[in-house]
Amino acid sequence: EEIYTVDGVQALKDSRRINREWDYGEYNSHAVWIDAPKSANDKNNDRRHVKEVKIIIDEITKFLKFTKREPINEEKEAWNIAVLSFYKPQETLLREALRKLCDQPNTISKFSKGGTEILLYTVDKFQGMEADIVFLSMVRGSSVGFMDNINRLNVALTRAKYQRVIVGDKNFFSKQNSSQELKRLAENE
């Protein structure tokens, strides 16, 4: 609705016909925001957010337990997860954590754990792709940087087939005035 509505008319109409139901009951909605307030230490580098990395790894671990209990249906080969960030320094932190989680010390962007594929990319690189569940690391805590670009935001928000999990400093995004789209996103999720 936020991106594809022009003059009160929603341009993307087919999305309601796509079956988005699934049995993962960890979240109360298909689009959630997990608050990760940025500490003063993290604010020194606004392109890295250590707490978000920990939260995302914890959430992936929970999802991996679900995938062990719930095998994939006959239409798909494997569950897949995407971990996205707007910034390379955050992608680097996430890569280090995923390497440990998956015990794949040399992997760059395509991880695997228990038959589940985990993709790690910047938002810009993930354009045109999708995943069952997407974890979006918002990173920022003192300015929105280039995140206010509507095309980039569109890619970030529309890559999930079933579940989108935003992890970031919700208070910062709901109070900033550089991007009304980011402000509404933080206020409504």
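This is a predicted model: local features need pLDDT of at least 70, side-chain atom pairs count only at pLDDT 80 or more; totals for chains, interfaces and linings use all residues.
Two residues are in contact here when their heavy atoms lie within 4.5 Å.

**Ile133 and the cores**

Leaving aside neighbours within four places in sequence, Ile133 is in contact with Trp22, Tyr24, Tyr27, Phe63, Asn80, Ile81, Ala82, Gln163 and Val165. Ile133 also belongs to the largest nonpolar core, a set of 31 residues in which Ile60, Ile81, Val83, Leu98 and Ile133 touch the most other members. At least two residues of this core come from each of β3 (31–35), α2 (50–69), β4, α3 (88–102), β6, β7 and β8 (160–168). Helix α2 gives the largest share, 8 residues. A second, separate core holds 26 residues, including Leu84, Phe86, Phe126 and Val155. As background, nonpolar side chains tend to be buried together in soluble globular proteins.

**The chain as a whole**

The chain has 6 helices and 8 strands, and from the N terminus its elements follow the order β-β-β-α-α-β-α-β-β-β-α-β-α-α. Of its 189 residues, 48% are buried. Among contacts between residues at least 6 apart in sequence, 72% join residues at least 24 apart. The accessible surface is about 10,200 Å², with 45% of it belonging to carbon and sulfur atoms.

**Strand β4**

Why is strand β4 (residues 80–85) described as largely enclosed by the rest of the structure? Because 6 of its 6 residues are buried. In a regular strand, side chains alternate between the two faces of the sheet. In β4 both faces are covered, with Asn80, Ala82 and Leu84 buried on one side and Ile81, Val83 and Ser85 buried on the other. Strand β6 (residues 116–122) pairs with β4 in the parallel sense over 6 bridges, and Asn80 stands opposite Glu117 there. Strand β7 (residues 131–137) also runs parallel to β4, joined to it by 5 bridges, with Val134 as the bridge partner of Ala82.

**Aromatic rings**

The count of aromatic pairs comes to 10. Tyr24 is buried at 6% relative accessibility, and Phe63 is buried at 0%. Both rings are part of one aromatic cluster made of Tyr24, Tyr27, Phe63, Phe66 and Trp79.

**Salt bridges**

Side chains of opposite charge can pair when their charged atoms come close.

| Salt bridge | N to O distance |
|---|---|
| Asp46 and Arg140 | 2.8 Å |
| Lys54 and Asp58 | 2.9 Å |
| Glu59 and Lys62 | 3.1 Å |

Asp46 and Arg140 are both buried. Their pair links distant parts of the chain, 94 residues apart, with Asp46 in the loop between α1 (40–43) and α2 and Arg140 in the loop between β7 and α4 (150–157).

Lys54 and Asp58 are 4 residues apart in helix α2, so about one helical turn separates them. Lys54 is exposed, with a relative accessible area of 55%, while Asp58 is partly exposed at 34%.

Glu59 and Lys62 also lie in helix α2, 3 residues apart, about one turn of the helix. Here Glu59 is buried at 7% relative accessible area, whereas Lys62 is partly exposed at 35%. Glu26 joins Glu59 and Lys62 in a network of salt bridges.

Key
Residues are numbered from 1 along each chain as its sequence is written. Side-chain values use heavy atoms; hydrogens and water are left out. Buried means under 20% relative accessible area, exposed over 50%, partly exposed in between (1.4 Å probe, protein chains only). Two strands pair if DSSP finds at least two bridges between them. Accessible areas come from the Shrake-Rupley method with a 1.4 Å probe; for residues, only the protein chains shown count as cover. A nonpolar core is a set of buried Ala, Val, Leu, Ile, Met, Phe, Trp, Tyr and Cys residues joined through side-chain atoms within 4.5 Å. Rings of Phe, Tyr and Trp (its six-membered ring) pair if their centres lie within 6.5 Å; planes under 30 degrees apart count as stacked, over 60 as edge-to-face and the rest as tilted. A salt bridge is a side-chain nitrogen of Lys or Arg within 4 Å of a carboxyl oxygen of Asp or Glu.
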